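Please open the model in your viewer and keep the selection panel at hand. The tour below moves from one selection to the next and says what is to be found at each stop.

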Amino acid sequence: MSQNEFDFPHQVETAWCPGCGNFAIRKSLLAALDELGLPREKVVLVSGIGQAAKMPQYINTSFFNGLHGRALPAATAIKACNPELKVIVVGGDGDVYGEGGNHLLHATRRNPDLTLLVHDNMVYGLTKGQASPTSREGMVTLVQVNGVFEKPLNPLALGVALDVPFIARALAADMDQTRELFKKAILHRGFALVDIFQPCISFNKVNTFKWFKDNSYYVGDDYNPADRQAAFAKALEESPFPLGIIYRNEERTTFEENLPLYTQDKRALYERETDFVKIRQLLQSRV
Amino acid sequence: MTILQDDLTIVLAGEAGQGLQTIEVLLTSLLKNNGYHVYATKEYMSRVRGGMNSTTLRIASRRVCALREKIDLLIPLHPNAIPHLQHRLTDETVVIGDQSTIDYRPMIHVPFLKLANEMGNSVYANILAVGMIAGLLKIDREKCVQFIDRHFSGKGEEVKNNNLAVLHKGLDIGAGLAASIVIELVGDAGVAGEILITGGDAVAFGALAGGCNYLCAYPMSPSTSVLNAMAAFSKQFGVIVEQVEDEVGVVNMAIGAWYAGARAMVTTSGGGFALMTEGLSLAGMIESPLVIHLGQRPGPATGLPTRTEQGDLSLALYAGHGAFPRIIIAPRNIEEAFFLSQRAFNLADKYQVPVFILTDQYLVDTYYNTPCWEMDDLKVEKHFIETAADYRRHIFTASGISPRGLPGFGPGKVCVDSDEHDEGGYITENMDIRKKMVEKRLSKTAAMVNDILPPQLTGPPDFETLVIGWGSTYPALAEALDRIGNGKLAHLHFSWLYPPAQEAARYLAQAKKIVVVENNATGQFAQLLKLTMDCQAENILKYNGLPFSVEELVREISAHCD
């Protein structure tokens, strides 16, 4: 088997706990990138902060590992300034749904052509065990000493409400299915959200590998993700939670497609020159 | 008979929504095109309708760029205009208005609204006022007609003809008044071809000429005019202009844009910039260029949203957690708003640091005629490189500046991380690398030395007293010092605020007395001078939300020089 150029030739030393679901997600992502045959130098991974957000460090591509919760505005701009790039955003449930919540809402409204992978382990890992926006009700932590009472955020239902044009849920342990979902998400034209169920072996003793396995199922071939009403009903299902592609809308135009500067000229911004004659002409008209 | 000299201050005052801006825009353009130097500035309330706003026009035979306090001719369109502007009225002020609604005597009775209504619509009051002032200034009737005809072309024949009829009526009234009010203005034919542009638009044009091709913002007075101008340019010049959900998103978007090879700017005011400070720190850490137009207004918090202040210098100077270099420039006038904004992009790209363009509401909203700027010497200096396969983004160099690669341009990987990182951009907690990275980033300040703009000294070389100003106060200070004409008094102006210009030291050392003039309450620039140049200064401070006028600077400076 030839070397996957998205992987490093050497053993990668990660900051993840032994046995973390992140390893499986990384393998699925590496396999997806390899199988899609994307040119490595055109792939950019973008992330915020958290254990999931360290993923770009362990993939052999360019990356922009920015601030907690702020990956999406940066990623939107990266794609807009050079539409040739394949932009993949990786983060955790705290990073994307908590700190970055507002950016998530509005990034999906713009619909940039990028892929958002959210490692959803229903707990804060790097800050050591506090509740996350997707923690289930009743979970007791060092901070939520009386148990979580807040309604967990449902990223799938939120996505359908916002007409996010590709919404899927994966189970980290199912690497074949996850890899295939990643490939479809990356190939999708427009914003693709993949919420990935993943156990946190260090801090989430409730939502374990077994819990996720027992509380999820894959939607069947008879399920039509193009039906938004059905998708909303599907997204609301809990215990068991549906896995697979929940919603797809092939009609929405992307952020980049809505930028007039690319209609005639496909060049990235860095390849363009400033036309001083034209600027001076316009200035001279300010009489 | 009243004789008004060749430097005339006309003030229009009324409620928001009464069309002051229409009168101002038409008059300044008409007068400029007829060879008079014009200057306009406005003060207004944070509301869409009602309240009390005023526009000050200065019309002169020579170039005028600063606010005069004294009003020669006042056109109050609302009774509240009189108390609002009382402090600027003198016995010599000519007031023209409607005696039935405005309580001021002596006043020349011209009932603008009543006459406009008689002619069919209250909106005609604006054109009536334009016509009256043009008539008073003896502007050629045919030229006025052509101008108004052009202005209303495309609005339909009926609208145009009605407005022309109103214009004639206004011109007749003005001509009648010209018998008792003599205005001695000498035109200058060269002025007609000059441009009229606000400080805000000058920032936008400067950005465009600096190669700006990505502008993102959340609307906030007084910085929104730059957003609007860039949006107007976006199609013709291929600029991506995006209104973002909040300022946190704005700054991260701009940094992402630079990473991918764009030249990005954000435009904001103090409260919005406060939200960007985390992102500013990110730019410092990943050594991203960034251009920030910070149009200042009075704080704290929401403060006075539509007023002016130079109150965010300390914020710009210290914003962001951790230590990293930055550049702060403050254009002294509209010309510099263009040229320094242009330069900001080259500086940001060259040193891979955030560059602040510090303006304020006064500069952003003010305009005057100026010769169209030459661009032959301007260059968009692109400092990025095509990467090689073994490219490392933060490689250690003597200057501290690592060649900046772009993702997708060359086979190399471009890796940036908000965590402390090694030369390749990978997270590290190696304390030796940490120390070297801190030193590398900070060393860029020393590398900037040849690009620092020295302060500009005006006045006698053997001065004893030094009056120091920065940013937008320059034109008023220059005119005030000219009026004072003290042979031992010089003016030292700073458009480059940080890193400090070492050339300032010898001027400061020579001065027996230093007076720093600032549009803020705490003397923020004087504090910076004390910190970096160990200089003791007296302050002239203004922080009521309004800009300095020439006369008040004459008074204040004279008092300090007694």
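Begin by selecting strands S7(A) and S8(A), which run parallel and are joined by 3 bridges; strands here are DSSP runs of E with at least two residues, helices are runs of H or I with at least four residues, and both are numbered from the N terminus. Within this pair, Ser216(A) has Phe241(A) of S8(A) as its bridge partner. This is a predicted model, in which local features need pLDDT of at least 70 and side-chain atom pairs count only at pLDDT 80 or more, while totals for chains, interfaces and linings use all residues. Residues are numbered from 1 along each chain as its sequence is written, and chains are lettered from A and ligands numbered from 1 in the order in which they are written.

Now widen the selection to the whole sheet, an open one of 9 strands with mixed pairing, in the order S7(A)-S8(A)-S5(A)-S6(A)-S4(A)-S3(A)-S1(A)-S2(A)-S19(B); two strands pair if DSSP finds at least two bridges between them. Its edge strands, each pairing on one side only, are strand S7 (216-218) of chain A and strand S19 (415-417) of chain B. On average, neighbouring strands of this sheet are turned by 20° against each other, with direction ignored; the axes behind this angle are lines fitted to C-alpha atoms, and angles run from 0 to 180 degrees between N-to-C directions.

Of its 287 residues, 50% are buried, where buried means 20 or more other C-beta atoms within 10 Å of the residue's own, exposed means 12 or fewer, and partly exposed lies in between, with C-beta atoms placed from the backbone.

Then go to Lys128(A), a residue other than glycine whose phi is positive, near 75°. Lys128(A) is found in the loop between strand S4 (114-120) and helix H5 (155-161) of chain A, and it is exposed, with 11 other C-beta atoms within 10 Å. Most residues other than glycine have a negative phi, and most peptide bonds are trans.

Switch to chain B, which contains 18 helices and 25 strands. The C-alpha trace of chain B spans about 85 × 60 × 40 Å along its principal axes, and 54% of its 562 residues count as buried. Colour the chain by its domain assignment, which is automatic or taken from a database: domain 1 (2-192), domain 2 (196-370), domain 3 (384-450) and domain 4 (456-561). Between the C-alpha centres of domain 1 and domain 3 of chain B the distance is 58 Å.

End at Asp534(B), which has a positive phi of about 50° although it is not a glycine. Asp534(B) is placed in the loop between helix H17 (524-533) and strand S25 (538-541) of chain B, and with 9 C-beta neighbours inside 10 Å it counts as exposed.
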